[in-house]
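User: Hi, could you walk me through this model? I'd like to ask a few quick things as I look at it.
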Amino acid sequence: MNDLVFVRVEWVILIPLGAAALLALLPGYRLTARLNVAAAFLTLIAALSLLFTPHPAAGTYLLVDDLNVVFIALNTFVGFTTSVFSASYVGHELETGRLTPTYLRFYHAMYQLLMCAMNVALVANNIGLMWVAIETATLTTILMVGIYRTHEALEAAWKYFILGSVGIALALFGTILVYVAAQPVIGEGLDAMVWTKLVAQAGKFDPALLNVAFIFLLLGYGTKVGLAPLHAWLPDAHAEGPTPISAVLSGLLLNVALYAVLRFKMLMAANVAAVAPGPLMVTMGLVSLIFGAFMLYRRRDIKRLFAYSSIEHMGIITFAFGMGGPLANFAGLLHMTMHSLTKSGIFFAVGHVAQAKGTQRIADIGGLTETHPWLGWSLVAGVVAIAGLPPLGIFMSEFLMVSSTFARAPLLAILLVLGLLIALGALFLRLNGLAFGEPRGHSHPVKASYGPLFAHLALVLAAGLYLPPQLVAWFQHVSQLLG
Amino acid sequence: MPNLAFDTAHLLAGGLVLVSFVLLYQDRLTSLLNIYALHALVLALAVAWQADIQNAPHLYVTAALALGFKAIVIPVALRRIIERLGIHREIETVVGIGPTMLAGMALVALSMVVMLRVTAAAAPIAREDLAFALAVVLLGLLIMVTRRNAVSQVVGFMSLENGLILAATGAKGMPLVVEISVAFSVLIAFIVIGIFLFRIRERFDTVDLAALDQFRGERR
């Protein structure tokens, strides 16, 4: 029985890996796009089966617990919907000649490899394996960001490569330091890198060494999260790559990096003498939020606009987890889920908008609700959701966060609310020009796939109106785990 | 002879820091690549020595990789690339050599102060290795920051990776998984870099990143 369950954990990794190999060999757009969707769907099924079976015992390499199951389910769900969106998106790109069939084959293989690497990072019980997986995910996204091979895409990919590898190098140094701290207590060898064993023994580690290690890990993985002083790669990578990749980057990869930070935060919390990781995360989160919010005002590129909005929201989530405590952690988890769904939904809409208008310049896009009513109004709904207005899901999580922060640290809450309001103003200012008024610019017909877009918006709306009690109980339990 | 073991490890790790300093002020691409080969050679010796004193034969694999792949294959390949691109001219550094060297010294002092203070409980060899390794990592970062040329940024990144491997081997009994993965990641990273260099060359006939900077963040 145990073996059976354990095999299921591996499916989450093996399906995308096998699909990546297959897609690298197969030609033809129709076949490969469908195969991509099918593989993503199977992975989703495998992930959902994890939700409803008892967790297998933690192995040396793989682990499934209540925390990462949430991330895996979200990861594979958005991975699946994005693959559906991607099928219609790349079809259009082939027609316009921005992608050639060879590059398309490469793109599909990389997409599945990215899903595989993110799932490995999420189920890894070994901090070395987790690092390898996040590095692989970074490399695949770098390649995909540069896939159009335009001047801008290459610079974006290069910037991402340089900053990403510096971040990943710092994270590896932090990982080595954690091992050095664990080695006198746990002993040499593989055991001193197994996360469950690390957490069990963390109380006996040298606190000074752990402190230094955490700073390296926070800066290293924080680069991948896109936290403020280290965010420079993020807007370029979002703006210049194919839009499905922007959706996956914002919706998933940032979460995976944040998950790594959370794991190490739990490790720090298990050691009483080590410095509290909370204030560091709160500071970085707030700086990202306010910086991101101000940067929203001067954007001229529609994908760049939402990339800065991702920085802002990752700041909010980091802030919530940094505050800690059951309520703030709950709000953080909810916000992370809602942000993933909403932001990838927005990118679905934006991808088709950019195809319909033939440009990403905000100045050349106008009156969308008149020329493309479905796309226009979904974009409006998405922006209303991401700005945090009721009755949608993000309003719930932001409300929880603000109220819990007011109870504990009113001064921080004022900064939080300020950041939220500044972002709200900027988003509506831009939305007004994009969606309403006189239609501007060219207008081509576009074969859009509305399914994924509507599914995401419906889920966000449903979560805002009614959260099932089972889900609430589950999130509460995970919040307790996070401390 | 424990003393000899310690002293030699110390010497080799210190040598790596020294070679990092030499990398810092090279202003020609060809000599930069030569010094990088030396850097990888010193790393290979340091890792082999660790393999010997720790009785950890799997570390010889890492040492062999450092010697064969990093000290020979990569410098040769990169030299081919720059020859084909016809860039043997001087590297323009953003900051002058004097301030760069001063910054380098400050970084080394910083890593000594930080690492020696926090690792009081660890074994002396691991302590020294970690301190030197952090110094190499920070110097690698400094090289990346002060150079505009794509090839020399890559060299900076590779010297940074060398520092990471020094740290990983200095930590006694660290699982092989990590070392191999580090080696592989360098390989993958290099493939990526190779692709990038070719693409960049195809598009602009230059690998000077300053040429890329005309596009600065915002599309007009």
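User: Among contacts in chain B between residues at least 6 apart in sequence, what percentage join residues at least 24 apart?
Analyst: That share is 71%, where two residues are in contact if their C-beta atoms, placed from the backbone, lie within 7 Å. Please keep in mind that this is a predicted model, in which local features need pLDDT of at least 70, side-chain atom pairs count only at pLDDT 80 or more, and totals for chains, interfaces and linings use all residues. Residues are numbered from 1 along each chain as its sequence is written, while chains are lettered from A and ligands numbered from 1 in the order in which they are written.

User: OK, and how many helices and strands does chain B have?
Analyst: Chain B has 8 helices and 0 strands, these being DSSP runs numbered from the N terminus (helices are H or I, at least four residues; strands are E, at least two).

User: Where is confidence lowest in chain B, and where is it highest?
Analyst: Going by pLDDT, the predictor's confidence in each residue from 0 to 100, the lowest mean is 51, in helix α8 (residues 209-212) of chain B, and the highest is 90, in helix α2 (residues 29-54) of chain B. Over residues 201-207 of chain B, pLDDT stays under 50, and residues 213-220 of chain B are also below 50. Where pLDDT is low, the predicted coordinates should not be read in detail.
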